[in-house]
Amino acid sequence: MPSYEIRDKVFFITGGAQGLGKEIAKGVLARGSKVFFVDILKDKGEETLQELAHIFGPKNVAFVQDHYHYIIIIIIIITSILLLIIIIIIIIIIIIIIIIIIIIIIIIIIIIIIIIIIIIIIIIIIIIIIIINIMIIFAVIQGSQVASLHMRKDKGGKGGRIIAMSSQAGLDYYYQMPVYNACKHGIRVYSKASSRNPANEAMGLEFASFHPDGSDAGIFPRMYEAPGLIGADALFETYRGELVPVESVVEAFIDLVTLEKMNGADLYVGKNKNTFIEFQKLELGNSFPQK
Ligand SMILES: NC(=O)C1=CN([C@@H]2O[C@H](COP(=O)(O)OP(=O)(O)OC[C@H]3O[C@@H](n4cnc5c(N)ncnc54)[C@H](O)[C@@H]3O)[C@@H](O)[C@H]2O)C=CC1
Ligand SMILES: CCCCCC(=O)/C=C/C=C\C/C=C\C/C=C\CCCC(=O)O
């Protein structure tokens, strides 16, 4: 039986300009809550703000464009370029020294050059993978930390609940999209670990993660319009007709956020049923104290 009152509470929603964020915003506004949403898309955000303000009243909804995304991209790109330049300079110096010392052994030099080229390619690939991972997971972790700081009761806040948007992909394993998969698992684990903090009660904070299966709103249906985008066409094809109606996702979200005790919950939302996931507690020997 839900008992946490959301009427008049403020929901801070990241990525609320479209898709599931927008639908959840509508769902909670319809239940008397207020919404402050951010998005990196300014025009889409303003369009959504107008639409929501028209339906639910301008006092109940606000939008600000989120620039963190671009700042982080720029920092990562600059850092990566500097790193590459340093690596290339070091490599050039090594090559010059090697050429001077063992100029006669041409065959060895050719082998060394090939190895160096392979190392540079590996470094570039690793940097790209790191950038993708950081970009996806950054918004959730940064958002949670900023929200915690604002809401902490022991720092003058009113307390609050933080729901991390994971996915079915945060519970299962998909070889077709390993980076997305890893990020969604990471988001769930970040939320789960945060929920175990013994200080949560004093801070008035609760953490949960939310795991919808492929829904008929947002990025999932857009994947059909952009075939080949992530090379997982066959996977998405199997979902045709099996998508979770967005209304069910919104309802499940409301069920989660209105739980009397939400801390530590992981809610899977499927087409036919929703399930609170119970994670087995493993006996792993010595570890840090856990609650
Ligand atoms: N649509 C689906 O079937 C499912 C989606 N999800 C998850 O739900 C979340 C929302 O997905 P959708 O609504 O489908 O996507 P969407 O692409 O329709 O909406 C996401 C919004 O987030 C914004 N955004 C991206 N990075 C941002 C940042 N750093 N700061 C602020 N806004 C940012 C985008 O501009 C976009 O407007 C994602 O985390 C997705 O992985 C999970 C399960 C199923
Ligand atoms: C397959 C189960 C999916 C469950 C619902 C869900 O999360 C839907 C996601 C839809 C699209 C994924 C969005 C973006 C993927 C972006 C990059 C993938 C990069 C490839 C990779 O290695 O992960």
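Me: How far is an oxygen atom of ligand 2 from a polar backbone atom of P178?

Reply: A polar contact is a pair of N or O atoms within 3.5 Å; within protein, one must be able to donate a hydrogen and the other to accept it, and residues adjacent in sequence count only if both atoms are side-chain atoms. Here an oxygen atom of ligand 2 is 3.3 Å from a polar backbone atom of P178. The model is a predicted one, in which local features need pLDDT of at least 70, side-chain atom pairs count only at pLDDT 80 or more, and totals for chains, interfaces and linings use all residues. Residues are numbered from 1 along each chain as its sequence is written, chains are lettered from A and ligands numbered from 1 in the order in which they are written, and side-chain values use heavy atoms, with hydrogens and water left out.

Me: Which N or O atom of Y180 is 2.6 Å from an oxygen atom of ligand 2?

Reply: The atom belongs to the side chain of Y180. Taken alone, ligand 2 exposes 620 Å², and the protein buries 85% of that. Such accessible areas come from the Shrake-Rupley method with a 1.4 Å probe; for residues, only the protein chains shown count as cover.

Me: How many residues surround ligand 2?

Reply: A residue is counted as near a molecule or strand if one of its heavy atoms lies within 4 Å of it. For ligand 2 there are 17 such residues, and the closest are S167, M177, V179, Y180 and F220. Helices α5 (178-195), α7 (219-225) and α8 (233-239) each supply at least two residues of this shell. Helices (H or I, at least four residues) and strands (E, at least two) are DSSP runs, numbered from the N terminus.

Me: Which residues are closest to ligand 1?

Reply: They are D39, D66, Y180, I219 and R222, out of 24 residues that surround ligand 1. Helices α1 (19-29), α5 and α7 each give at least two residues to the shell, and the largest share, 3 residues, comes from α7.

Me: Where are the polar contacts of ligand 1?

Reply: An oxygen atom of ligand 1 lies 2.7 Å from a backbone N or O atom of L20. A polar side-chain atom of Y180 is 2.6 Å from an oxygen atom of ligand 1. A nitrogen atom of ligand 1 is 3.0 Å from a backbone N or O atom of A217. On its own, ligand 1 has 830 Å² of accessible area, of which the protein covers 83%.

Me: Is K22 buried or exposed?

Reply: Buried means under 20% relative accessible area, exposed over 50%, and partly exposed in between (1.4 Å probe, protein chains only). K22 counts as buried because its relative accessibility is 14%. This residue is found in helix α1. Not counting residues up to four places away in sequence, K22 touches G16, A17, T48 and E51, where contact means heavy atoms within 4.5 Å.

Me: Why does D8 count as exposed?

Reply: D8 counts as exposed because its relative accessibility is 55%. D8 lies in the segment before β1 (10-14). Its phi is near 70°, a positive value in a residue other than glycine.

Me: Which residues is I162 in contact with, leaving aside its neighbours within four places in sequence?

Reply: They are S144, A147, S148, M151, E206, F207, A208 and M262. I162 lies in strand β4 (residues 160-165) and is buried, because its relative accessible area is 9%. The C-alpha atoms of I162 and Q176, 14 residues apart along the chain, are separated by 29 Å.
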